[in-house]
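Here are my notes on this model. Please read them alongside the coordinates.

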Amino acid sequence: MKRILLVEDHEADSAAIKAAFKRFSLDVQLEHARSTQLAWEMMQCWAIAPGGRRPACILLGQLAGPHDGVWLLERMQEDRRFRQLPVIALSREAGMSDRARSFSNVVGAMERPADELAWRRVISSVARISQALPDLAGA
């Protein structure tokens, strides 16, 4: 089973993403971190654990605060274990998707649509796409 790490502090967005993954991604284990700092700590633990399984992808909400999504992307670029780990950035902030795209491991970045139906289509598509991601266990 593939692991996907969701990094999102917005409760309603987290719930919608979890529901889409439950519906469309049966072979994906969705892990949730409510902050980038917690996500980084989880990634470090997975990397050192015997038989630790890296996530196949990170879904990154561009979180506000001192440790925003860019902070996590910078940490990942500095660590060879995570430099190539694919990230899909989903932002509520105007312009944040452009900042995320400057990182080589960001495979997709977009601002959250204001229309709720369009947002649900986006997360359903991301959940479906996750089916095709390679399992990076032990990579």
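1. Helix 2 first. The buried residues of helix 2 are covered by elements that include strand 1, strand 2, strand 3 and helix 3. The residues in question are Thr36, Ala39, Trp40, Met42, Met43 and Trp46. Around the axis they take up an arc of only 160 degrees, so they sit on the same side of helix 2.

2. This is a predicted model. The mean pLDDT of the chain is 86, and 94% of the residues reach at least 70. Among the elements, helix 3 (residues 69-78) has the highest mean, 94. The lowest, 84, belongs to helix 4 (residues 96-101).

3. Does the length of helix 2 agree or disagree with its residue count? It agrees. Helix 2 covers residues 36-48, which is 13 residues. At 1.5 Å a residue the span should be 18 Å, and the end C-alpha atoms lie 19 Å apart.

4. Strand 1 (residues 2-7) deserves a look. Six of its six residues are buried, so the rest of the structure largely encloses strand 1. In a regular strand, side chains alternate between the two faces of the sheet. Here both faces are covered. Lys2, Ile4 and Leu6 are buried on one side. Arg3, Leu5 and Val7 are buried on the other. Note that Lys2 and Arg3 are on these lists.

5. Which strands pair with strand 1? One is strand 2 (residues 28-33), parallel to strand 1 and joined to it over six bridges. Within that pairing, Leu6 stands opposite His32.

6. Val7 has Leu60 of strand 3 as its bridge partner. Val7 is also one of the buried residues of strand 1.

7. Last, Asp98. Is this residue buried or exposed? Asp98 is exposed: its relative accessible area is 53%, and the cut-off for exposed is over 50%. Asp98 is located in helix 4, the element with the lowest mean pLDDT. Between Asp98 and Val122 there are 18 Å in space, C-alpha to C-alpha, and the two are 24 residues apart in sequence.

Definitions and conventions: Residues are numbered from 1 along each chain as its sequence is written. This is a predicted model: local features need pLDDT of at least 70, side-chain atom pairs count only at pLDDT 80 or more; totals for chains, interfaces and linings use all residues. Side-chain values use heavy atoms; hydrogens and water are left out. pLDDT is the predictor's confidence in each residue, from 0 to 100. Helices (H or I, at least four residues) and strands (E, at least two) are DSSP runs, numbered from the N terminus. Buried means under 20% relative accessible area, exposed over 50%, partly exposed in between (1.4 Å probe, protein chains only). Two strands pair if DSSP finds at least two bridges between them. The expected span of a helix is 1.5 Å times one less than its number of residues. The arc is that of the directions from the helix axis to the C-beta atoms. Contact means heavy atoms within 4.5 Å.
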